[in-house]
Amino acid sequence: MSGTGASRGLVLGAVAYDPKVVTIWDGFRAWLRGPGGLEFDYVLYSNYERQVEDLVAGRVDVAWNSPLAWVRARRLAAARGVILTPVTMRDSDRDLRSLVVTRADSPVRSLGDLNGRVVAVGAVDSPQATLLPLSLLRAAGLRVDGPRVDNRGDRGDVVVRRFDIGVGLHGDHVGGEREAARAMFAADPADRADAAFMIDSNLLLFAREGVLPPGSARVLAQTPPYDHCTMTAGPSADQAQTASLRELLLDMDYGDPDLRPLLDLEGLKQWLPPRLSGYDQLERAVDEAGFYDAEGGIRASDYRP
Amino acid sequence: MRATTDLEDLGLDEGGHLLVDHALAQLRPGERLTITGRHQALGVHLAAWCREHGHRLAAEAAEADDAPAGQFEVVKGTANEQRWRDARRAGAADGPPDASADPRWGLAARGALVEAGGPPIGAEWTQRDHVWADIAPRLYAAAAASQWDPATAVDWHAEVAVPPEIERAVVQLMTYLVENEQAALIIPARLLTQLHPHFREVMQLLAVQAADEARHVEVFTRRGLLAGGPLGTSSAGGRTSLHTLLTEPDFTTASFLLSVLGEGTFLDLLRFINRHAPDSVTADVARLAVRDEARHVAFGVAHTAHLVKSDPSYLGVLRQSVERRHAALIDTAGLNTEVFDSLVLLAAGSWDPAAIRRGWQAVRGLQQQMDEGRRRRLAFIGFPDGEAAELSALHTRNFM
């Protein structure tokens, strides 16, 4: 496919986790093709797994990847001897943390106290609300990989109650995290979770939404900082066009009134050069959970993207 | 001196970001703000908030060994400065409005600092001279101050002992007035939708004008139904005449034909009805309406004169609009004869031949008065006397 890349232009894959994705990429496409002068198009995927497979196979040239999608793309590419080129990331993709949150009045004072208790997590494939914080619990010596049955009889494990909303979207859909946070305040004590996982920014979002009213929740622990989305070019991408895309994105000016609404929707002020140092934590978490194997194969048995 | 702000125990989930934002506003991009506080999740809040708003939480301060707990450093980002870089003020709040209103100001208040971007307003009239009159702010203030309540401004319980044939004449006139006031409501409402809101006082004035007509429609309808009978007739010719006003595309010619010529003529008509009213309700509704209509006429005359003063050649456009309307109506009957006869009967007060003669003469006098009024207003706008007389004579027989 690489020979045809330059003539057909650069095709980017993005995942349609929300209707706004169409607005964003239609807008970027018009800008990149118009003022940018780049032959650019995009296609949308319903989930990250197919997008990553198509990137590595050269069916799309560039992919706007979740952190988990990057981890899988890296593994698939390494296994097949394919070269991937990092393109860019958002300023807001750097140094995120995931939180373990409890009710403010909870007797739980440390991660160790979660032993035998119920933890509400996001979707099976959410890096921020499932994979990374579960890894944090494992590092604290907790057993989190027992049968995922909500069974309080087994006091040796943390009981993981998962909220599988938007499976395949790698946690981009906020629904799973929101339901996990709500579970801490379930009316019936039997349904109530003792802790919930969420990304740091959602602590403020859920406060604004009234899901976690101020004073109702306490941050029990947080992961070390990690990086989030990253844009990656695959083997079919024309090098000059990829370089041009990177330059155009890095040059996008938040002061430009045509671009500002698109940047606001996409949640950034500025595109930054990519860095790959922020994904080690997730690589470990994926291995611990057996989510993907070293070659990028999907190994999580209950994952249906 | 380093910029600092202390949030005490306030989190960013309860408005703490206002204090941070307020302190950052004093700084330039790249400068640092030290934030202290005791909220349990302050560090988490700040990290997430900074990322969302393009600032940076300096990691070294939070993690340095000698950094006190609950102390953070935020490095101000550039997003806010970038966002407002191309912002412009939409003229001066207290006026006068700019000669040309920028469509990109959209719905922004006059005088507001307008962020670049957003949808431009689709208004057709963006040039001050094409919509403005210096008297507009004062007319609006007067209009707002003299709104009346149809429920209480008229004594609806007053005795109405009108002979049946005179009552029929009153009902016919009310039926005719409602149809005219409906046209007079729709036209300013339609002009409003194409007016740039930068010309705030004109927008307000047109809105009140439409509201005035809404009340007129109400009181004329109520008077028409007061005796319990059905309403009168609506003639095809009368409606055709009014319809030509609805399709007038230009702000000034629409305002000229409706307010200067039409409503100007109506001032005399309403005074006539007030003077010859057989009952106090009829007298009241005509009196209340004439007060409002006088303001509409004042704006129409002042605006048309304003435009002609800045562009005398516009007199030609105005003249053409009268001629065009006249040509469009030449094959129609014009005034509903039942309306004309009702005016005669109203002034006569009875079917007595001598009374009818008096009524007839009174209506002739009314028509002469209407003509003089139109000529006076046309002359004020800038037409030479001869041309004013000629144009007045071309005005529709339907009065409005």
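The following is a conversation about a predicted model, its two chains and how its features are named.

Visitor: What is the confidence in chain A, and where does pLDDT stay under 50?
Guide: The mean pLDDT of chain A is 94, on a scale from 0 to 100. In that chain 94% of the residues reach 70 or more. Over residues 1-5 of chain A, pLDDT stays under 50, and the model has 10 contacts for them beyond four places in sequence.

Visitor: Why is strand 1 of chain A called largely enclosed?
Guide: A residue is buried if 20 or more other C-beta atoms lie within 10 Å of its own. In strand 1 (residues 10-15) of chain A, 5 of the 6 residues are buried, so the strand is largely enclosed by the rest of the structure.

Visitor: How does the chain get from strand 1 to strand 2 of chain A, and which hand has the crossover?
Guide: The chain passes through helix 2 (residues 20-33) of chain A, in a β-α-β crossover that is right-handed. With the strands pointing away from the viewer, the path over the helix therefore runs clockwise.

Visitor: How many bridges does strand 1 of chain A have with strand 3 of chain A?
Guide: There are 2 bridges between strand 1 and strand 3 (residues 62-65) of chain A, and the sense is parallel. At least two are needed, so these strands count as a pair. A:Gly13 stands opposite A:Ala63 in strand 3 of chain A.

Visitor: What makes helix 6 of chain A mostly covered?
Guide: In helix 6 (residues 175-183) of chain A, 7 of the 9 residues are buried. Among them are A:Glu177, A:Arg178 and A:Glu179. The cover over the buried residues of helix 6 includes strand 6 (118-121), helix 5 (127-139), strand 7 (159-162), strand 8 (195-199) and helix 7 (200-209) of chain A.

Visitor: Why is chain B called more spread out than a compact globule?
Guide: Chain B has 15 helices and 6 strands. For 400 residues the globule rule gives 21 Å, and the radius of gyration of chain B is 31 Å, well over that value, so the chain is more spread out than a compact globule. Along its principal axes, the C-alpha trace of chain B spans about 110 × 50 × 30 Å. Of its 400 residues, 43% count as buried.

Visitor: Which strands of chain B pair with strand 4 in the antiparallel sense?
Guide: Strand 2 (residues 32-36) of chain B is joined to strand 4 (residues 71-75) by 5 bridges and runs antiparallel to it. Strand 3 (residues 56-57) of chain B also pairs with strand 4 in the antiparallel sense, over 2 bridges. B:Val75 of strand 4 has B:Arg32 opposite it, and B:Arg56 stands opposite B:Val75 too.

Visitor: How many residues of chain B are in contact with chain A?
Guide: Contact is between 22 residues of chain B and 21 residues of chain A. Helix 2 of chain B gives the largest share of its side, 7 residues. The residues on that side divide into 8 nonpolar, 7 polar and 7 charged.

Methods: Residues are numbered from 1 along each chain as its sequence is written. Chains are lettered from A and ligands numbered from 1 in the order in which they are written. This is a predicted model: local features need pLDDT of at least 70, side-chain atom pairs count only at pLDDT 80 or more; totals for chains, interfaces and linings use all residues. Two residues are in contact if their C-beta atoms, placed from the backbone, lie within 7 Å. Helices (H or I, at least four residues) and strands (E, at least two) are DSSP runs, numbered from the N terminus. Ala, Val, Leu, Ile, Met, Phe, Trp, Tyr, Cys and Pro count as nonpolar, Asp, Glu, Lys and Arg as charged, and the others, Gly among them, as polar. pLDDT is the predictor's confidence in each residue, from 0 to 100. A residue is buried if 20 or more other C-beta atoms lie within 10 Å of its own, exposed if 12 or fewer, and partly exposed in between; C-beta atoms are placed from the backbone. The radius of gyration is taken over C-alpha atoms; the globule rule is 2.2 Å times the number of residues to the power 0.38.
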